[in-house]
Amino acid sequence: MNRMRNIGIASAAALLAASATALAHHGWTGYEQEIQKVSGTIEQPSYMNPHGSVRLKTADKTWTVVLAPPTRMEARGLTREMLRAGATATAGGYQHRTDTGEMRAERITIDGKTVELR
């Protein structure tokens, strides 16, 4: 009986964790259709799930650039070490419709290396 209860508790915990992850993940419909490029200096990198990101300071404002999940970034050659504060980067992507300081990046170039993220 204890074994069945433990299995039930473990199943409930797994379902709860999956639900929390699904709620944290957002869709891309809130972003513009036209791609644009921004260049600047990485102020704060993040290499965390569900998506990596960088705070990118440009000449006129600071952007939050949403990247790909860490596993995809790593598989495509964008390492944690490349996303470092002080590095110069160019991001090509789609600006958020309501949060005009956010961009969903399709690609990022750091130190002359371009990585496709989608």
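This is a predicted model: local features need pLDDT of at least 70, side-chain atom pairs count only at pLDDT 80 or more; totals for chains, interfaces and linings use all residues.
Q: What makes Ser53 buried or exposed?
A: The cut-offs go like this: buried is under 20% relative accessible area, exposed is over 50%, and partly exposed is in between (1.4 Å probe, protein chains only). Ser53 has a relative accessible area of 19%, so it counts as buried. Its place is strand E2, residues 53–57. Helices (H or I, at least four residues) and strands (E, at least two) are DSSP runs, numbered from the N terminus.

Q: How many helices and strands does that give for the protein chain?
A: The chain has 2 helices and 6 strands, in the order α-β-β-β-α-β-β-β along the sequence. Of its 118 residues, 35% count as buried.

Q: Why is strand E4 called largely enclosed?
A: It's a matter of counting: 7 of the 9 residues of E4 (residues 88–96) are buried, so the rest of the structure largely encloses this strand.

Q: What makes the peptide bond between Asn49 and Pro50 cis or trans?
A: Omega is about 5°, and the bond is cis. Most peptide bonds are trans. Pro50 itself is in the loop between E1 and E2.

Q: Which residues does Pro69 touch, not counting those up to four places away in sequence?
A: Pro69 touches Asn49, Pro50 and His51. Pro69 is 20 residues from Asn49 in sequence, yet the C-alpha atoms are 5.8 Å apart. Pro69 is found in the loop between strand E3 (62–66) and helix H2 (70–75), and it is buried at 16% relative accessible area.

Q: What is the phi of Asp111?
A: Phi is positive, about 50°, although Asp111 is not a glycine. Most residues other than glycine have a negative phi. Asp111 lies in the loop between E5 and strand E6 (113–116), and at 55% relative accessibility it counts as exposed.

Q: How do you know where the charged end of Lys61 sits?
A: A charge sits over a ring if NZ of Lys or CZ of Arg is within 6 Å of the ring centre and within 35 degrees of the ring normal. The charged end of Lys61 is 4.1 Å from the centre of the Trp63 ring and sits over it.

Q: Why is the Arg97 and Glu32 pair called a salt bridge?
A: The definition asks for a side-chain nitrogen of Lys or Arg within 4 Å of a carboxyl oxygen of Asp or Glu. For Arg97 and Glu32 the closest N and O atoms are 4.0 Å apart, and the pair counts. Arg97 lies in the loop between E4 and E5 and Glu32 in strand E1, so the pair ties together parts 65 residues apart in sequence. Arg97 is partly exposed at 41%, and Glu32 is partly exposed at 33%.

Q: What makes Arg104, Glu106 and Arg118 one network?
A: Glu106 meets Arg104 in a salt bridge at 2.7 Å, N to O, and Arg118 meets Glu106 in another at 3.8 Å. These salt bridges share partners, joining Arg104, Glu106 and Arg118 into one network. Glu106 is buried at 13%, Arg104 is buried at 12%, and Arg118 is partly exposed at 27%. The structure holds 6 salt bridges.

How values were computed. Residues are numbered from 1 along each chain as its sequence is written. Side-chain values use heavy atoms; hydrogens and water are left out. Contact means heavy atoms within 4.5 Å.
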